[in-house]
Amino acid sequence: MNYFTALLFATLFSASLFAQDLLTNPAQRQSTSLDGSWNFIVDPYENGYYDYRWQPNPNGFFKNEKPKSKSERIEYDFDKSEVLNVPGDWNSQKKELFFYEGTIWYKKSFDFQKNVGKRVFLRFGAANYRALVYLNGEKLGEHVGGFTPFTFEITDLVKEKDNFLVVKVDNKRCAECVPTLNTDWWNYGGLTRSVKIIETPGTFINDFFIQLKKGSMHEVSGWTKLIGRQLKQHITVDIPLARIHRRFETDANGFAHFTFSADLALWSPDDPKLYDVTIASETDTVSERIGFRTIEAKETQILLNGRPVFLRGISVHEEAPLRSGRANNAEDALTLLGWAKELGCNFVRLAHYPHNEFMTEEADRMGLLVWSEIPVYWTIQWDNDSTYRNASRQLAEMIARDKNRASVAFWSVSNETPIGEPRLAFLKGLLIQARLADSTRLLTAAMERHYTDATTQMIDDPLGEFVDVLGCNEYIGWYDGLPEKADNIKWKTVYNKPLIMSEFGGDALYGFHADSLTIWSEEFQEHLYKHQLSMLRRIPFLRGMSPWILMDFRSPRRQLPGIQDFRNRKGLISNEGNKKKAFFVLQKYYSEVKQAKQSRP
Ligand code: GCU
């Protein structure tokens, strides 16, 4: 992948986000939920899709066939099969599916009363990893990538009665996939987020973006895009609480760009002010709760609403608190982000993939800045064009979904990827694409560091030149020496940019107590945090941190019996919600930083 191909893809994908995707932004539209119990068939040999010659079978399980006579041989029956909950991963719902990676077929029957003149869409919040979707036996399409939404139009296919929606979900890992074969999180499979039916008028508001113009605290800028026959329309933008009512016209393509000055209370973690914003056309109206803020990087400072900010953060995986499996509802978000607030955070790194919408909407409400990332993780296939298109698509979908979230301040394009030319061209392409799609946020990546001598850590990854904010993962005291090692370490970088230490930490089993050098004990983790924080204080360009990690999480790479048992134990809170000693070390440190009101510790 060379620079020019990357540039081409970047331009194509930014444009496609606009042209191809239907109902990109469902906003707060009314919808019919298809959540609940779905019948399922486990299909490790993809018998429901391929025939014995491994050729696609036109009469696969998506036909949901029933025997029409006593002699007819049909070798599957969804309605006699067990059920899985949607939203939900299958691994945590059925013991026998705990380790399962492969295909599972889902089936949901439903009736639907369509309104005259309306268009009807089917929206999936996410499905891990590859989903093939069929309605009433017809293929609607497919989606690759486990953490972003996708939508299909069903206006002409949906019936009043007895619709059957069949989805083939396959979470098999592959080398050319994103993420690739190796990750340190559980490969939860299934329809992991909500499925709903959304109706719109014939010509509808497909998408809109509204935020303060980059670098301005009084100029609002945005756009809206109509889809349908009647593309030239009047558009109004209303923010009643700020007494704003503006009128604009769409062009022949249904697109309207708008700017206007406004006197708004700015969103920040200390005051997460949200406004009801309504965009209306002659045929459609959508509303969202939106915060207005600016976020910039100036030399080594991160400026929120023009003022230096220090990011008191924590990394979070999208695992459900107090139960197993993927987090997927408002309550989960409230618990996880509530713990982050309790820790004294004003920032969360949602790792290593876009989390569900409840998380970013709750971060808007609670006042937590968000780092959102696509799963370009470790060593993916940098030279593979299909891998690039996949990553680029996931980036486009992540930005499209959360572009109106004030909390989301950072787009991250990768985590711990190895230095090299193909990788650099790959990631530069994604950064160009992100900047084209959204100039109002900061771009970053979680990079690695190296020693220039026994006590000097250097951040000079070539990728650092192309991001706005440096992200760096370090495990001094865990994978690299003992906790005390941090005491003599100094940090350097070749970049005049702010640094977020995006990961550091160590494992501890909640309730295991010993002296501070006994690994896996709470005292060891507590000790490590103390040495880490005193090292971090000494980094002149440090502007934030997101220690690894808020809560213990499932990982297939953690097999130590009695300690890990398939969980990464670097959480400051156990998966049962118990706070470890290190939680209080970080909490105390964050309250000191907050009190000092210093932009750096
Ligand atoms: C890595 C990685 C995480 C992983 C962590 C760990 O840095 O980014 O995904 O879980 O280290 O080893 O615990």
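Arg-441 and Asp-438 form a salt bridge, with their closest N and O atoms 2.8 Å apart. A salt bridge here is a side-chain nitrogen of Lys or Arg within 4 Å of a carboxyl oxygen of Asp or Glu. Both Arg-441 and Asp-438 are buried (under 20% relative accessible area; exposed is over 50%, partly exposed in between, with a 1.4 Å probe and protein chains only). This is a predicted model: local features need pLDDT of at least 70, side-chain atom pairs count only at pLDDT 80 or more, and totals for chains, interfaces and linings use all residues. Residues are numbered from 1 along each chain as its sequence is written, and side-chain values use heavy atoms, leaving out hydrogens and water.

**Salt bridges**

- The structure holds 45 salt bridges.
- Asp-402 pairs with Arg-401 in a salt bridge, the closest N and O atoms being 2.8 Å apart.
- Asp-402 counts as buried because its relative accessibility is 2%.
- Arg-401 also counts as buried, at 11%.
- Glu-523 forms a salt bridge with Lys-581, again with closest N and O atoms 2.8 Å apart.
- Glu-523 is buried, with a relative accessible area of 10%.
- Lys-581 has 32%, so Lys-581 is partly exposed.

**Ligand contacts**

- Polar contacts are pairs of N or O atoms within 3.5 Å; within protein, one must be able to donate a hydrogen and the other to accept it, and residues adjacent in sequence count only if both atoms are side-chain atoms.
- An N or O atom in the Asp-184 side chain is 2.5 Å from a ligand oxygen.
- For Lys-570, a polar side-chain atom lies 2.7 Å from an oxygen of the ligand.
- For Trp-548, the distance from a polar side-chain atom to a ligand oxygen is 3.1 Å.
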